Amino acid sequence: MDLRVLRYFVAVAEERHIGRAATRLHMAQPPLSRAVRGLEDELGVTLFERTPKGVTLTDAGAVLYDEAVALLAQAGRIRERVTAAATLAVGTLADAAEQVGARLVAHFREQHPHVDVRVHETDLTDPTAGLRAGSVDVALTRTPFDTTGLGVHVLRRIRAGVVLRDDDPMADRAEVSTAELAGRRWVRLPDGTDLRWTAYWTGGPPGEEAPVMRTIQECLQAVLWNGTAALAPAGQPVPAGLRVVPVSDRPPSELVVAWPKAASNPLVRSFVRIAVGGFVSP
């Protein structure tokens, strides 16, 4: 039995008039009349006595009304409990969340107010922000990394820069080239980190005995205290005493939304659709 038709029936029973019920339901009168007739045919009983002034419930109609009201109330409770239990785990890198996460999640919540959005921030060892580990449903992160099995949509492209101390000879430059950075000591990411990611963000061989860096803040502090070289997105907030100088011949990093291609979660599809639909300007 169609819950939609039961809602139609309840409206007619309470309004005692097809026209008033149609107005209440924001629909035309003829399809409402057909729906009620169809329900009577399905059940094999007459539900309403029709009069010039409206309709009244028959004995069978009164029984159905009580059952329909209870059933619709139960259906509403089921929907509330199910949607209240729905969650979406969003993985992020710190700066990716700051760039677009708040706006995108807010827009998502407008469409899915009952969904519990859980944000998991990962460190620099996992550019998929938890997708590879299966700990998140969708991710806001940045390239480059191995995208095998993942769908990826570019939200924004940002130039890469080198983080320098204020007293560095190149600190006041408008930009520098990769060749000019040769010979510097670079930060080191943990062994096993995505090779494309490591090659892009470390810029060269690590310095001797360079400590392993796992977070953006650790990299920034390594530059500030030890003069170690590190790359970061242009515009990356840095502590006092540091600045980010764009690297002229390095391709931009792409801020992306990423998801498993095999994902069947409708919330993932909705989240991606909001991003792909242009909510975040390229």
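Predicted model: local features only at pLDDT ≥ 70, side-chain atom pairs only at ≥ 80, totals over all residues.
As for α7 itself, the helix spans residues 216-226, and its buried residues are Cys-219, Leu-220, Ala-222 and Val-223. Looking down the axis of α7, you'd find these buried residues within an arc of 155°, so they line one face of the helix. What sits over them?

Nonpolar side chains tend to be buried together in soluble globular proteins. Here, the largest nonpolar core has 27 residues, and Val-162, Val-176 and Leu-181 are the ones with the most contacts inside it. Helix α7 turns up again: along with β7, α6 (195-202), β8 and β9, it gives two or more residues to this core. There's also a second, separate core of 21 residues, with Leu-6, Leu-39, Phe-48 and Leu-72 among them.

Back to Val-162 for a moment. Leaving aside residues up to four places away in sequence, Val-162 touches Val-176 and Leu-181, and its other partners include Trp-186, Ala-230, Leu-231 and Arg-243. Val-244, Val-245 and Val-247 are also on its contact list.

## A patch on the surface

Met-1, Leu-43 and Val-45 make a nonpolar surface patch of about 250 Å². Leu-43 belongs to helix α3, which covers residues 29-43. With a relative accessibility of 33%, Leu-43 counts as partly exposed.

Most peptide bonds are trans, and most residues other than glycine have a negative phi. A few spots in this model go the other way. Thr-143 and Pro-144 are joined by a cis peptide bond, with omega at about 5°. Pro-144 sits in the loop between β5 (138-142) and β6 (150-158).

Then there are two positive phi values outside glycine. Is His-26 buried or exposed? His-26, with a phi of about 55°, is in the loop between α2 (18-25) and α3, and it counts as exposed because its relative accessibility is 75%. Ala-129 also has a positive phi, near 55°, and this residue is found in the loop between β4 (116-121) and β5. Ala-129, though, is buried, with a relative accessible area of 0%.

Methods. Residues numbered from 1 in each chain as written. Heavy atoms only, no water. Buried < 20%, exposed > 50% of the residue type's maximum accessible area, 1.4 Å probe, protein only. Helix = DSSP H or I, 4+ residues; strand = E, 2+ residues; numbered from the N terminus. Arc of directions from axis to C-beta. Patch = residues over 30% accessible without salt bridge, like charges linked within 9 Å, V, L, I, M, F, W, Y side chains within 5 Å. Areas by Shrake-Rupley, 256 points an atom, 1.4 Å probe, with all protein chains shown as cover. Salt bridge = Lys/Arg side-chain N within 4 Å of Asp/Glu carboxyl O. Core = buried A, V, L, I, M, F, W, Y, C linked by side-chain atoms within 4.5 Å. Contact = heavy atoms within 4.5 Å.
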